[in-house]
Amino acid sequence: MGKIACVGISVQDRIYNIVELPNGGGKYIANHYHEVGGGPAATAAVAVTRLGLECDFIGRLGDDDVGAALVNELNSDKVSTNNVKIFTNSRSTQSAVLVDSHGERIIINHPSPDLSSDASWLEQVDFSQYQVVLADVRWHEGALNAFQQASALNIPTVLDADITNQDISELVELADHAVFSQPGLQKLTGEQDHLEGLKKAAQICRGQVYVTLGAKGCVWLEDGEFKHYPAFAVNVVDTTGAGDVFHGAFAVAVANQLPNADKVAYAAAVAALKCTQPGGRAGIPNHQDVQTFIKNAR
């Protein structure tokens, strides 16, 4: 059985369910509230273990109650946290998430200023044990270090290329699979049109480039041609974490050496099923459920 490393951030999501997303100031009443672990790499790691592979989450947390809760939740999903660095007298990262009745959301993230971005300690991690290394862009130094080590070992890399304040070009260069969100692709390339953006990203990336388009599916470049896989039609309850889950499932598909179209189909199915349940992780399916879902959807 393969083992995957997910490098990046873990966040405590405080989710407020409301009828409509606010478009101005005022007071709003939530009809439901719950707390759950989030963060791109951490949620991807949960997707990996739910789908049947072993996974290490590699990241940084504070020694507060939030950090302890995040570790416990990851461990309950069989994600190893042996390579998590805990900073003393430090706060962990948190987000407020507003989710409307259609499943759309607004995320307000507060990255902890207490967690050092230094990634030199990753040199102590044995990356040769991994079949695939996935990284998000929210801990740039960690992603860069992990990708450099993976590249030296010829281990496939998957980049969750979402929007961030930093220039992610050097991460894209090291990615075998750079899977962009539409905002992430636009910020990197300056192109509003995702097809033109993919062309530019392909000039940077040593591997293949993809962009997820929510309800419009996923587009990627393969042998100089654009390929498109439509999104699965499901009853959407909550889109929180859909992209994170897509990336985790995509890494599993890379580990299983699926063809590109099958990688995208598998990841899209896992993300679609996740969206049928509230929160970023509750709806993540197992491998058999995914196979059944894809078979019935065809």
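Contact here means heavy atoms within 4.5 Å, and helices (H or I, at least four residues) and strands (E, at least two) are DSSP runs, numbered from the N terminus. The model is predicted, with local features requiring pLDDT of at least 70 and side-chain atom pairs counting only at pLDDT 80 or more, while totals for chains, interfaces and linings use all residues. Residues are numbered from 1 along each chain as its sequence is written, and side-chain values use heavy atoms, with hydrogens and water left out.

The protein contains nine helices and 13 strands. Its radius of gyration is 18 Å, close to the 19 Å that the globule rule gives for 298 residues, so the protein is as compact as a globular protein of that length. For this comparison the radius is taken over C-alpha atoms, and the rule is 2.2 Å times the number of residues to the power 0.38. The C-alpha trace spans about 50 × 45 × 40 Å along its principal axes. Among contacts between residues at least 6 apart in sequence, 65% join residues at least 24 apart.

Burial and surface come next. A residue is called buried at under 20% relative accessible area, exposed at over 50%, and partly exposed in between (1.4 Å probe, protein chains only). By this criterion, 55% of the 298 residues count as buried. The protein exposes about 13,200 Å², of which carbon and sulfur atoms supply 47%. These areas come from the Shrake-Rupley method with a 1.4 Å probe; for residues, only the protein chains shown count as cover. The side chains include 21 positive and 34 negative ones, and the centres of the two sets lie 3 Å apart. In that count Lys and Arg are positive and Asp and Glu negative, with His and the chain ends not counted; each charge is placed at NZ of Lys, CZ of Arg, CG of Asp or CD of Glu.

Helix α1 is a welcoming place to begin the local survey. Ten of the eleven residues of α1 (residues 40-50) are buried, so this helix is largely enclosed by the rest of the structure. Among the buried residues are Pro40, Ala41, Thr43, Val46 and Thr49. Just after α1, Gly52 adopts a positive phi of about 105°.

In α5 (residues 182-189), the residues Gly184, Leu185, Leu188 and Thr189 are buried. They cover an arc of only 110° around the axis, which puts them on the same side of α5. The arc is that of the directions from the helix axis to the C-beta atoms. Cover for the buried residues of α5 includes β9 (157-161), α4 (169-174), β10 (177-181), α6 (194-204) and β11 (208-212). In α6, Gly197, Leu198 and Ala201 are buried. Their arc is only 100° around the axis, which puts them on the same side of α6. The elements covering the buried residues of α6 include α4, β10, α5, β11, β12 and β13.

Strand β9 also holds Thr157, a buried residue with a relative accessible area of 0%. Leaving aside residues up to four places away in sequence, Thr157 touches Val133, Phe147, Ala150, Leu174, Ala175, Asp176, His177 and Arg206. In the loop between α3 (140-152) and β9 sits Asn154, which has a positive phi of about 60° although it is not a glycine. Asn154 counts as exposed at 72% relative accessibility.

A further positive phi in a residue other than glycine, near 55°, belongs to Asp223. Asp223 is placed in the loop between β12 (218-222) and β13 (225-229) and is exposed at 76% relative accessibility.

The loop between α2 (65-76) and β5 (85-87) carries Thr81, and Asn82 lies in the loop between α2 and β5 as well. Thr81 counts as buried at 14% relative accessibility, whereas Asn82 is exposed, with a relative accessible area of 71%. Beyond residues up to four places away in sequence, Thr81 touches Phe57, Val71, Leu74 and Asn75. Asn82 and Val71 are eleven residues apart in sequence and 9.8 Å apart in space, C-alpha to C-alpha.

Finally, Lys27 lies in the loop between β2 (11-17) and β3 (32-38) and is exposed at 86% relative accessibility. Lys27 and Val252 are separated by 225 residues in sequence and 43 Å in space, C-alpha to C-alpha.
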